[in-house]
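Colleague: I am new to this structure and would like to know what stands behind the words used for it. Please set each value against its definition.

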Amino acid sequence: MNPAKRLEIFTRFRAANPKPTTELEFTTPFELLIAVLLSAQSTDVGVNKATRKLYPVANTPQAILDLGLDELKSYISTIGLYNTKAANVMATCRILVEQHGGEVPHSREALEALPGVGRKTANVVLNTAFGEPAMAVDTHIFRVSNRTKIAPGKNVDIVEQKLLKFVPKDFLIDAHHWLILHGRYTCVARKPKCWNCLIADLCEFKDKTPAPPGTLDPAVEAAEAAGLK
């Protein structure tokens, strides 16, 4: 894929969604950190249901430590792997209190030193909480990057580095959110909704999914409206 196509792709993403953000609900960097930690192998919807009950009671490292492990588990028990996640949350809160004054650190090294926090989680916090041009490559972004050929790669590390290199600088801060939302709702895993995709003409995926019977392709509708078909 050439630079002109990438520029047009992200120009369209921005026009359609000028201020994208995560679907996880948070008001502070700490709330975001915990939400992302809880979201591993879980849905944002499920995490939000749990944190809506947890955060009014405890939304700081010390407050969660005061809550205790068993009580924390009772708030997040609907989330997959909650026992392991609860232990990681408690250990993370302890480190934040003892080593960082109760604040979420801004450095990748310090973030990745927290229990349960890997590179992807650190990237989400750096990007979404602190506005850094980090690229958290999850399964959606990995799929979109490879399928469209925006930034193809055999593993998430290669895709991450290619995205940081190829995405036009003006779009880097928001690119993570546009790509994940595109993968979640349009460029889905089994049958991408190519007939309803705002970048279908730029995407280099060869086996595009045809529109279901009775569904008009937006491009066809636009042509008909213009009297071209």
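Modeller: Start with contacts in the chain: of those with a separation of 6 or more, 57% are between residues 24 or more positions apart. A contact means heavy atoms within 4.5 Å.

Colleague: What kind of model is this, and how are its residues numbered?

Modeller: This is a predicted model, in which local features need pLDDT of at least 70 and side-chain atom pairs count only at pLDDT 80 or more, while totals for chains, interfaces and linings use all residues. Residues are numbered from 1 along each chain as its sequence is written, and side-chain values use heavy atoms, with hydrogens and water left out.

Colleague: How do you know how many helices and strands the chain has?

Modeller: Helices are DSSP runs of H or I with at least four residues, strands are runs of E with at least two, and both are numbered from the N terminus. By that rule the chain has twelve helices and zero strands. The C-alpha atoms fill a box of roughly 65 × 35 × 30 Å along the principal axes.

Colleague: What share of the chain is buried, and what makes a residue count as buried?

Modeller: Buried means under 20% relative accessible area, exposed means over 50%, and partly exposed is in between, with a 1.4 Å probe and protein chains only. Buried residues are 42% of the 229 in the chain.

Colleague: Why is P105 called buried?

Modeller: The relative accessible area of P105 is 9%, and the limit is under 20%, so P105 is buried. P105 sits in the loop between α6 and α7 (108-112). Leaving out residues up to four places away in sequence, P105 touches L96, H100, A110, L111 and F130.

Colleague: Which class does K149 fall into, and what is its phi?

Modeller: At 33% relative accessibility, K149 also lands between the limits, so K149 is partly exposed. Its phi is positive, about 75°, although K149 is not a glycine. K149 is in the loop between α9 and α10 (156-166). L81 is another residue other than glycine with a positive phi, near 60°, and L81 lies in the loop between α5 and α6.

Colleague: What makes α2 mostly covered?

Modeller: Nine of the ten residues of α2 are buried. Among them are F30, L33, V36 and L38, as well as E31. The buried residues of α2 pack against α3, α4 (61-67), α5 (69-76), α6 and α8.

Colleague: Which residues does K73 contact, beyond its neighbours in sequence?

Modeller: K73 is in helix α5. With neighbours within four places in sequence set aside, K73 is in contact with Y82, N83 and A86. K73 and F166 are 42 Å apart, C-alpha to C-alpha, and 93 residues apart in sequence.

Colleague: Which residues lie nearest the centre of the largest pocket, and which helix gives the largest share of its lining?

Modeller: The largest pocket holds about 660 Å³ of space. Its lining has 32 residues, and S39, S42, D44, K120 and D138 lie nearest the centre. The largest share of that lining, six residues, comes from α11.

Colleague: How many cavities of 30 Å³ or more are there, and which residues lie nearest the centre of the largest cavity?

Modeller: The count is one cavity of 30 Å³ or more. The largest cavity has about 80 Å³ of space. It is lined by 14 residues, and H182, C187, C194, C197 and C203 lie nearest its centre.

How values were computed
On a 1 Å grid over the protein atoms alone, a cavity is a set of points where a 1.4 Å probe fits but cannot get out, and a pocket is an open set with protein on both sides within 12 Å along at least five of seven lines; lining residues have an atom within 4 Å of a point. Grid points are joined across faces, edges and corners, and a volume is the space filled by probe spheres set on the points.
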